[in-house]
Amino acid sequence: TLDFTKFYQLSDPLANKPLRITVRGISDWISSDYAWRLFRGEITQEQTIKLVGFMGGQITEFLWSDLVHIFCISSKIMKTFQSKEISGWSTYPVEIQGRKGELVPGYHGFSVTGGECRRDRTPSEVFSRQTVPGGRPGWFYKGLYFHEEDWGGSDFFRVSSFGGTVVTDKVFQILNKVKSKNVMLIPLPEVEIDTNLDKYDRQT
């Protein structure tokens, strides 16, 4: 039996200060579907994807875009993952410009290739919380779990049904040690997911 406290959901912290990038106006040929397939490692991207900053400005190890499935890691993080033999990921070439058009070197587009596990809602608790003052309370799942037999052992993998990107404790320890900024890592039992998303889930 897996210890789910040793797995973490990796996501965009939605911080304001770090540089946020976009394909708009510079790589308009990238659709959300293309970005999704790129993120899953279904496309071998040889042509460099150009990205440009449109918010923030702080240069951090992780750079997120306005397309949820396009984000970049620094060469420092990439080399660390390689040296520690972290599995379940790949990169593709990108060229990033800052908000003033200056080149921001040393970044790579990131794909999660470690496969996808089916989400298991059974162990999750359901609770309500007031999200808007005076509004109706919303309902949420507490805890993100997946079917253990689906996991192939990769350090990076995906969980279906809005589970997102999940990493092992090995990745968590590495990112903590190098003090990575602009990335959120939540232990799976503490992840909260809006129950309203169920209506958009193709697997339910």
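**Ground rules.** I am looking at a predicted model, in which local features need pLDDT of at least 70 and side-chain atom pairs count only at pLDDT 80 or more, while totals for chains, interfaces and linings use all residues. Residues are numbered from 1 along each chain as its sequence is written, and side-chain values use heavy atoms, with hydrogens and water left out. Helices (H or I, at least four residues) and strands (E, at least two) are DSSP runs, numbered from the N terminus.

**Helix H1.** I looked up residues 32-39 and found Ala35, Leu38 and Phe39 buried. Buried means under 20% relative accessible area, exposed over 50%, and partly exposed in between (1.4 Å probe, protein chains only). Seen down the axis of H1, the buried residues fall within an arc of 95 degrees, so they line one face of the helix. That arc is taken from the directions from the helix axis to the C-beta atoms. Among the elements covering the buried residues of H1 are strand E3 (49-55), strand E6 (89-97) and strand E13 (164-168). Just after H1, I found Gly41 with a positive phi of about 75 degrees.

**Helices H2 and H3.** Next I checked how H2 (residues 75-83) meets H3 (residues 169-177): their axes come within 11 Å and cross at roughly 135 degrees. That makes H2 oblique to H3. Here angles under 35 degrees count as roughly parallel, over 145 as roughly antiparallel, 65 to 115 as roughly perpendicular and the rest as oblique. The axes are lines fitted to C-alpha atoms, for helices over the stretch in contact, and angles run from 0 to 180 degrees between N-to-C directions.

I then listed the residues that touch: Ile77, Thr80 and Phe81 in H2 meet Val171, Ile174 and Leu175 in H3. Contact means heavy atoms within 4.5 Å. I also wrote down the buried residues of H2, which are Ser75, Ile77, Met78, Thr80 and Phe81. These pack against E5, E6, E8, E12 and H3.

I found Phe157 in strand E12, buried with a relative accessible area of 0%. Not counting residues up to four places away in sequence, Phe157 touches several residues, including Phe7, Trp151 and Val166.

Phe110 sits in strand E8 and is buried too, with a relative accessible area of 1%. Leaving aside neighbours within four places in sequence, I saw Phe110 in contact with Phe39, Phe81 and Phe156, among others. Phe110 and Glu192 are 82 residues apart in sequence and 24 Å apart in space, C-alpha to C-alpha.

**Two loop residues.** Is Phe162 buried or partly exposed? I found it partly exposed, with a relative accessible area of 38%. Phe162 lies in the loop between E12 and E13, and its phi is positive, near 70 degrees. Asn182 lies in the loop between H3 and strand E14 (184-187). The phi of Asn182 is also positive, near 65 degrees, but Asn182 is buried, with a relative accessible area of 10%.
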